[in-house]
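These are my notebook entries on a single structure. I record below what I looked up, entry by entry.

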Amino acid sequence: MRDGGRISAAIEVLGQIEQRHLTVRRALKAWGDDARYAGAKDRAFVSGLVLDGLRMHRSLAWAMGTETDRARVLGALHFSWGWSLERITEAAADPHGPGELTDAERAALAPETFSVDGAPAAVAGDYPDWLDDAFARAFGDTRADIGAALAERAPVDLRVNTLKTDMPRALKALQPLGADPVDELTHGLRIAAPAAADRAVAIEVAPEFAKGWFEVQDLGSQIAASAAGDIKGKQVLDFCAGGGGKTLALAAAMANKGQLYAYDSDARRLTDTVTRSQRAGVRNLQIRSPIRPGALDGLDGKMDLVFVDAPCTGSGTWRRHPDAKWRLTPVQLEKRMAEQDEVLRAASAFVKPGGRIVYVTCSLLMEENEDRIAAFLADHRDFAQTSTVDAIGTSGHVTPEGLAALTDHATPEGALRLSPLTAGTDGFFVAVLERRP
């Protein structure tokens, strides 16, 4: 495909997402099924342009002066991809392109630098207007900067699995793919975000992945898992295990000592956990599926740690799932808050005296984080909030430099809030609650 055809395809896909209320994945698949002639590079180009158009949905429209998918795509090419006005003009005029530029488009694309001067915070930060009060509450005058950081492309982060290998061996295997160690974590690697039109590194095809040497896991997620602290030989319940990402991190932290239980209210989410745990060399895991009556019988009041990766809006992952922020509604937020209250209440029954809950969301909204913790503590006087950074410090998975940096991200109550702007990670909230002896 020529550039003009690729640009037209991106505009078409963005239109399908909005008109048919499709996820970006489904919309791209539908286009790909119809465009059999498109090669791998064509698909990577169109996908990258669509994702950037979604990430910067509002700010690009502001810069271009019009709310159209065509404007967003042209703006992304110039302001995000660095294309010159001349190159865009030529591509647009191609027989398969979206059509010659208008005088207004040429004027909007004339500046070399991207500017949203004078734009409301929700426009400059590329998030829905109805979330502005929540962002202002959490981030004040920096909320537009927080939102803009959530609109950037994300790197690929990896966790070295110490049940199967060590850092030097993993690094030797993965450096040819662009992986470098990070300063904050003892077993974390990062591959920089690909260029706009390039495909992300297919890290799963590396032989070492099949051997279980590493897992794809955002650094923020790794830090959240490390809040479990020193759990070797302990009784640990991953109460919202989902696909098992944090389950595997907990298993590695336990070094196959003690007992780890994985549970999720939706049995379908546990489907991959068995194969993933086998590949990772986990030997101390019991999967408790909700399809069996009394799946958690016998665990009440016996857990040293209950890890609660709570259902949430996912606002901290907008870099990777930019369409999600435009689909989110106030009703969905209220539903997630109710689910969070319920999951905390249910999880607390399994914590023994002196044991802990680690509550995690990949959301940046205080309504899903501090407010839920406060509501829980008001109804459960036998629990108290403790320092998340102190718990992380006992894990041995964070470097001294990383631990010092994390103190800057602690909330007044002792929880931890990470964001792409402040920590270079996806957005996460992590709180530790201890049951009084």
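**Helix packing and selected residues**

I began with handedness: the crossing of helix 1 and helix 3 is right-handed. The model I am reading is predicted.

I then looked up the geometry of this pair. The axes of helix 1 (residues 3–20) and helix 3 (residues 40–55) come within 9 Å and cross at roughly 50 degrees. Helix 1 is therefore oblique to helix 3.

Next I listed the residues in contact. On the helix 1 side I noted Asp3, Arg6, Ile7, Ala9, Ala10, Val13, Leu14 and Ile17. Their partners in helix 3 are Lys41, Asp42, Phe45, Val46, Leu49, Val50 and Leu54. Sorted by class, this contact holds 11 nonpolar and 4 charged residues, with no polar ones.

I turned to threonine 89, which I located in helix 6 (residues 85–92). Leaving aside residues up to four places away in sequence, I found threonine 89 touching Leu101 and Arg106.

I also checked backbone angles. Which phi value does aspartate 126 have? I read a phi near 55 degrees, which is positive although the residue is not glycine. Aspartate 126 sits in the loop between helix 8 (121–124) and helix 9 (132–139), and with a relative accessible area of 2% aspartate 126 is buried.

My last entry concerns asparagine 256, in the loop between helix 14 (245–254) and strand 6 (259–263). Here phi is near 60 degrees, again a positive value in a residue other than glycine. I noted a relative accessible area of 17% for asparagine 256, so this residue is buried.

Methods: Residues are numbered from 1 along each chain as its sequence is written. This is a predicted model: local features need pLDDT of at least 70, side-chain atom pairs count only at pLDDT 80 or more; totals for chains, interfaces and linings use all residues. Side-chain values use heavy atoms; hydrogens and water are left out. Axes are lines fitted to C-alpha atoms, for helices over the stretch in contact, and angles run from 0 to 180 degrees between N-to-C directions. Helices (H or I, at least four residues) and strands (E, at least two) are DSSP runs, numbered from the N terminus. Angles under 35 degrees count as roughly parallel, over 145 as roughly antiparallel, 65 to 115 as roughly perpendicular and the rest as oblique. A crossing is left-handed if the near helix is turned anticlockwise from the far one by less than a right angle, and right-handed if clockwise. Contact means heavy atoms within 4.5 Å. Ala, Val, Leu, Ile, Met, Phe, Trp, Tyr, Cys and Pro count as nonpolar, Asp, Glu, Lys and Arg as charged, and the others, Gly among them, as polar. Buried means under 20% relative accessible area, exposed over 50%, partly exposed in between (1.4 Å probe, protein chains only).
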